Amino acid sequence: MSSPTQDIPHYDAIVVGLGAVGAATLYQLARRGARVLGLDQFAPPHSLGSSHGQTRITRLAVGEGAQYVPLVRRSHEIWAELEAATGQSIYTRTHGLVLGPRDVAAPRAGKPDDFVRKTIGIAQRHGIAHEVLDTADLRRRYPQFKLRGDEFAYWERDAGFVRPEVAIGAQLQVAQTHGAEVHTHETLLSLTPLGDATVVTTTTRGTYRADQVVLAAGAWLPQLVQAGGALHSAPLAGQLSVYRQVMFWFDIGADTDAFSPARFPVFIWAQGDEDGPAFYGFPAVGPGAPALKIATAQYQATTTPQAVDRTVAPGEVEEMLQRYVQPRLHAPEAKFSQAHACLYTVSPDHGFVIDRLPGWQGVHVASPCSGHGFKHSAAIGEVLALRVLGLPEWADLSTLSAGRFAPAGA
Ligand SMILES: Cc1cc2nc3c(=O)[nH]c(=O)nc-3n(C[C@H](O)[C@H](O)[C@H](O)COP(=O)(O)OP(=O)(O)OC[C@H]3O[C@@H](n4cnc5c(N)ncnc54)[C@H](O)[C@@H]3O)c2cc1C
């Protein structure tokens, strides 16, 4: 006699959430021949999570921590494979600058160290092609910046931008050619571990069984793992916060050519305390009329994907123009064209969480938190796929454990 669960469709793995990390994991599982289902509450790539807005910075010397360097390096290789497979452009090399005040420490992203110096140190230790520029070098090479005269900068040859929507779409497309099933507009409701080491996944549209489940739910993850959430996990509950961020685009008229990818780099400008938070930007690219994209990061007010205000107020645009664009860039014709809200999911140490979900057998959690995850997402997907399939992992992700924030004994 068959048990009731034997009639439920069975997969080697189910990936919940098909954004940056979920799409990458699905692709890597499918290309290794796993029977895999990916599901998402929307139809990725979409603009309601953390992976929209045309461009993401990628840089090899990751000032957020040396443990991320192998991930971004491998991601560049995977994007090249995907570009060859699909004929789409994912990565554009523009070179990159991380600049800041020479005489004042300008920390970033919850870490006390000076971000420019930390980046330089990591580049030196990892053999990453780079130069250190003083203000005079910067003025000669990039006259588009308005400098005060006390700046210095890390310049990286292979930095550039990745197109997040294209990367996600390409991975979902190739995953399906390898046999992955993709269900859009389907929301995970609950997981139930069974005694036979499989997990029953219940969604708004059906019930499935899998040997393992990968939870890549982005900004929805904090709600799932909180007390009372569908996947309550005590060590993670209350540890992840979601912050609204805004990306701004400006038409720059006659200066468009000076800010084109051939002449202008991606950049992160660590300001030093008195000048407010770091801001970052991209060369003027399309689709549509090329526009300069600029943003900063805010960690003052938390939100949720349901409650977040997705409209951008005129005052926010004005502040961006007056505080960053006009004083920092030679773009006198800059005119606001559009702005979009986006979500950062942030952990207490601003690091990622990639681990087995504590308290849940057969469930993995993958959150490249804290606003710097896209550049690593393709490689994280590969490491997760190896883990799910029980194959040797080429990266050590032990510093990204899900239990590291919990008080001892919890
Ligand atoms: C403004 C901004 C700028 C950034 N800049 C950079 C940068 O320059 N460089 C960089 O490397 N990184 C950057 N990042 C960070 C990077 O974009 C994110 O780390 C990354 O995109 C997060 O991917 P994710 O897969 O975790 O989330 P997402 O891509 O948002 O995917 C999560 C998915 O899970 C789905 N989901 C959630 N709950 C459920 C459920 N219950 N059932 C089914 N589906 C569900 C959602 O619909 C969504 O599609 C930036 C982020 C923002 C917001």
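**Close-up views of a predicted model**

**View 1. Arg59 and Glu64 form a salt bridge.** Their closest N and O atoms are 3.0 Å apart. The model shown here is predicted. Arg59 counts as buried, at 5% relative accessibility. Glu64 is buried too, with a value of 5%.

**View 2. Asp113 pairs with Lys118 in a salt bridge.** Here the closest N and O atoms lie 3.7 Å apart. Asp113 is partly exposed, at 35% relative accessible area. Lys118 is also partly exposed, at 25%.

**View 3. A salt bridge joins Glu186 to Arg205.** The closest N and O atoms are 3.9 Å apart. This pair links distant parts of the chain, 19 residues apart. Glu186 sits in the loop between strand 9 (181-183) and strand 10 (188-193). Arg205 sits in the loop between strand 11 (199-203) and strand 12 (207-215). Glu186 is buried, with a relative accessible area of 1%. Arg205 is exposed, at 53%.

**View 4. Salt bridges with shared partners build one network.** Its members are Arg31, Arg32, Arg74, Glu77, Glu81 and Glu382.

View 5. A polar backbone atom of Leu188 lies 2.9 Å from a nitrogen atom of the ligand. For a polar backbone atom of Pro368, the distance to a ligand oxygen atom is 2.9 Å. The protein covers 96% of the 1000 Å² of accessible area that the ligand has on its own.

**View 6. The ligand lies between domain 1 and domain 2.** Both domains give residues to the shell around the ligand. Strand 18 supplies the largest share, three residues.

Terms used
Residues are numbered from 1 along each chain as its sequence is written. This is a predicted model: local features need pLDDT of at least 70, side-chain atom pairs count only at pLDDT 80 or more; totals for chains, interfaces and linings use all residues. Side-chain values use heavy atoms; hydrogens and water are left out. A polar contact is a pair of N or O atoms within 3.5 Å; within protein, one must be able to donate a hydrogen and the other to accept it, and residues adjacent in sequence count only if both atoms are side-chain atoms. Accessible areas come from the Shrake-Rupley method with a 1.4 Å probe; for residues, only the protein chains shown count as cover. Helices (H or I, at least four residues) and strands (E, at least two) are DSSP runs, numbered from the N terminus. Domain bounds come from an automatic or database domain assignment. A salt bridge is a side-chain nitrogen of Lys or Arg within 4 Å of a carboxyl oxygen of Asp or Glu. Buried means under 20% relative accessible area, exposed over 50%, partly exposed in between (1.4 Å probe, protein chains only).
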